[in-house]
Amino acid sequence: MRKNVIYRHLASTKTAIYLLLVLSLFFLIGTIFPQGVGLEEYREAGGKFIFGARYLGFLNIFQSPLFLLAGLLLTLNTLVCTAERIIVLARRRSGEWHPGKEGRRSYAIPAGSDIPDLLLRLKAALKKRGYKLRREEVSESGGTLTFARGIDLTITSILFHAGIFLCLLLFYSTHYLSYENVLSLYPGETKEVELLGEKMAPFQLKLNEFSTLYEDNPKIAFPPKAHMKIAALISKAGEKAAFKLEPGAVAVSDWISDLSIQREGKEVLRKKVEVNVPLRHGGFTFYQMGYDQEVELKVGGETRTISPGKPFEGKQERLMISGVRHGTLNRIDGSSEKIKPFFSLYRLKEGGSRKDREKLGDLSLGERRRIAGIAVTFSRFREASVLSYRVDPSVGILYYLSFLVIILITARLY
Amino acid sequence: MTEILELKTVALFIELRVFLAVSFLYLTAIIFYLFNLFARDEVTGKIGTSVMACATVLHTFIILFRWWEASRPPFHTLFVSLSWFAWCSSATLLLVMAKKPRVHLAGLPVALLSAWAMFFALLTRDPAPPPLSPPLQSSWFLWHVIIAFMSYAVFVVACSVELLYLYIRNRPYTVKLTRQEVETFHTNAYILVVVGFPLLTFGIVSGAAWANDAWGRFWSWDPKETWSLITWTVFAVYLHAMKIPRWRDTYAPYINILGFVCMIVTFIGINWISKLLGIPSMHVYAV
Ligand code: HEM
């Protein structure tokens, strides 16, 4: 089998190079075309390469059979290369010199030569053609120097190529064997967690509390023009551009979901999940993804449920509310305070987009005000925590293996 | 409250003034290297490198100062990451120069990029440390930025040394080097890539680990991610090309330079390319 043409190609470094180049071409296409987008959406967003988008499947290139095939070939290539090196190494160990592709040159050394000098010159001359000194059998009465070229048999190199092969397999595995979904929960609510099809996870998820933390966001009024910036830095005048804290200038510092895992009505695990702090249980990982608010307003005596950011009809014009800001504000001086829930109300310009708007005022919970000719009361709001979750048996191993490969590649340096 | 803000302002101004001074030092180094390029004497090259050394020492203080002032490692905004990139590039150059090569010209591209990074940051980015948004509060993210930029810096120097090799390999006598000395530039460029490659790999894997914790998905084929993969692939091609004797002196140096170009695109060019080609950028990060 090792004489087979296909095997020989798959065992060659040049094939690896060509395959890697083909893959980078796919990657390149994947950056020129937005991925997972429909043709119409692409056209509307101003996409120019309609042909590739429509006929060549470039809007979904990473799912295309050709891409998957190229990846598979590289995986096979890496496997064969690694196997070939292990075979060669095993034969070498048992004393047999691997014949065939590997070039070999022996030099007879006459007695009394200046061996170090000869060695240096031979090494320099042969190195350019890829030969390395493999065997040195010389004594005072002469001997032979054997040079050979061919694949390198460093153990670490074999190991990290084997690791790369396993990583490639695991990529396929996470691609095909993972499941992800989204779930939203109101505080106090308990829900079943859906798995593929009709199946459910063997536990329920409960949201005990959902909270938002804010912090002060002071800004510096630095001149926008480049030469003015330099002028501000080299003259005294610049210090006029000082940090200022505008009223209401805050930034979200965390969304926190206090979650419980329940089995048969009993809590088995409780954890506060944040962005970057997921909850792992029973092969599932739950991530803080966002939140979803519903606001109840009384508009001119009529009760309406409204979603922030979505336009609604007022008396004569289209209105919109911002998200409700509430939670805890941590100040830069170390103190903290509770924010009374409020939102901002906007009037949308005729025919304009959602960004074309005029602020009418803020309204806090329980407050009633006449805005744009009608009485508006902020009577209630509800807020759900939106979590995404994922079941992916291979991803954990993939991380450990990748770090191992990195360590081995680094070890190769010594 | 006002006192705290006043103190913050004073600290920022001290930092930015030193930042400007360091940027000018990098510019000065460029001038010396340019002299060196045209006059081909050894002295101007050496002075260029000494100026780079001064700039790097002063630059170290700014990074430490920001760290202390903001009480967190300074890698979270493009302003500070560009400064870190410039620092890493010059520091790597100085490590290579510690071997006292007789030709200092590899410093020219490094000084150019460092000066560019510093001025670009200073003149177009907001220098103030903003509050950290929830996704950025992650040690994976921190390591991701630190290591990825380190790998970029190593590739910058690798490319500079390779360019120098290509420049002098046909004119070894004008720079009074033996063939073997010229070859060491090629070998050094290779060693640098062998160092940079695992760093880049770590940069990508830690980025994936971060994305996984922050968004619940470790890879989403975002253009920036994909470009980092292109860069990684091109450098893998280079490492293998260096093992093929007939490619070692022919294609390999150019593949190294191509890897550098891809790295620059990954780093800053994605938005520009999107605009140039009219690519609707749905995921593109703001530069
Ligand atoms: C994604 C796939 C691959 C990656 C990331 C990869 C990575 C690497 C790295 C980092 C090196 C070390 C370079 C050095 O120390 O100079 C290397 C060397 C090498 N690789 Fe690969 N490789 C891959 C696939 C392959 C394949 C498919 C072959 C098949 C022939 C191959 C053959 C070699 C050889 C012969 C060397 C040089 C000798 C050695 O270091 O053992 N590689 N590779």
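Rings of Phe, Tyr and Trp (its six-membered ring) count as an aromatic pair if their centres lie within 6.5 Å; planes under 30 degrees apart are called stacked, those over 60 edge-to-face, and the rest tilted. Across all chains of this predicted model, a search of the whole structure turns up 38 aromatic pairs.

One of them joins Phe141(B) and Trp210(B), a tilted pair with 4.5 Å from centre to centre and 50 degrees between the planes. This pair links distant parts of the chain, since Phe141(B) belongs to helix H5 (residues 139-168) of chain B and Trp210(B) to helix H6 (residues 179-215) of chain B, 69 residues apart. Helices (H or I, at least four residues) and strands (E, at least two) are DSSP runs, numbered from the N terminus. Are the two partners buried or exposed? Both Phe141(B) and Trp210(B) are buried, where buried means under 20% relative accessible area, exposed over 50%, and partly exposed in between (1.4 Å probe, protein chains only).

Residues are numbered from 1 along each chain as its sequence is written, while chains are lettered from A and ligands numbered from 1 in the order in which they are written. In this predicted model local features need pLDDT of at least 70, side-chain atom pairs count only at pLDDT 80 or more, and totals for chains, interfaces and linings use all residues; side-chain values use heavy atoms, with hydrogens and water left out.

Aromatic rings also gather across the two chains. Phe26(A), Phe27(A), Phe62(A) and Phe67(A) form one aromatic cluster with Trp219(B) and Trp221(B). You will find Trp221(B) in the loop between H6 and helix H7 (223-241) of chain B. Because its relative accessible area is 22%, Trp221(B) is partly exposed.

Ser71(B) sits in the loop between helix H2 (42-70) and helix H3 (78-97) of chain B. With 64% relative accessibility, Ser71(B) counts as exposed. Helix H2 of chain B also holds Glu69(B), which is partly exposed at 24% relative accessibility. Leaving aside neighbours within four places in sequence, Glu69(B) is in contact (heavy atoms within 4.5 Å) with Lys8(B) and Ala11(B). Glu69(B) and Ala11(B) are 58 residues apart along the chain, and their C-alpha atoms are separated by 7.5 Å.

A charge sits over a ring if NZ of Lys or CZ of Arg is within 6 Å of the ring centre and within 35 degrees of the ring normal.

| Charged residue | Ring | Distance from the ring centre |
|---|---|---|
| Arg357(A) | Tyr346(A) | 4.2 Å |
| Arg382(A) | Tyr186(A) | 3.7 Å |

The chains also meet through helices. Helix H8 (residues 226-234) of chain A packs against helix H4 (residues 107-124) of chain B at an angle of about 90 degrees, with the axes 9 Å apart. Axes here are lines fitted to C-alpha atoms, for helices over the stretch in contact, and angles run from 0 to 180 degrees between N-to-C directions. H8(A) and H4(B) are therefore roughly perpendicular to each other; angles under 35 degrees count as roughly parallel, over 145 as roughly antiparallel, 65 to 115 as roughly perpendicular and the rest as oblique. H8(A) contributes Ala226(A), Lys229(A), Ile230(A) and Leu233(A) to the contact, and H4(B) contributes Leu122(B), Leu123(B) and Thr124(B). The residues of this contact comprise 5 nonpolar, 1 polar and 1 charged (Ala, Val, Leu, Ile, Met, Phe, Trp, Tyr, Cys and Pro count as nonpolar, Asp, Glu, Lys and Arg as charged, and the others, Gly among them, as polar).

Finally, consider a strand residue of chain A. Tyr179(A) lies in strand E4 (residues 179-185) of chain A and counts as buried at 15% relative accessibility. Not counting residues up to four places away in sequence, Tyr179(A) touches several residues, among them Glu194(A), Leu195(A) and Tyr389(A).
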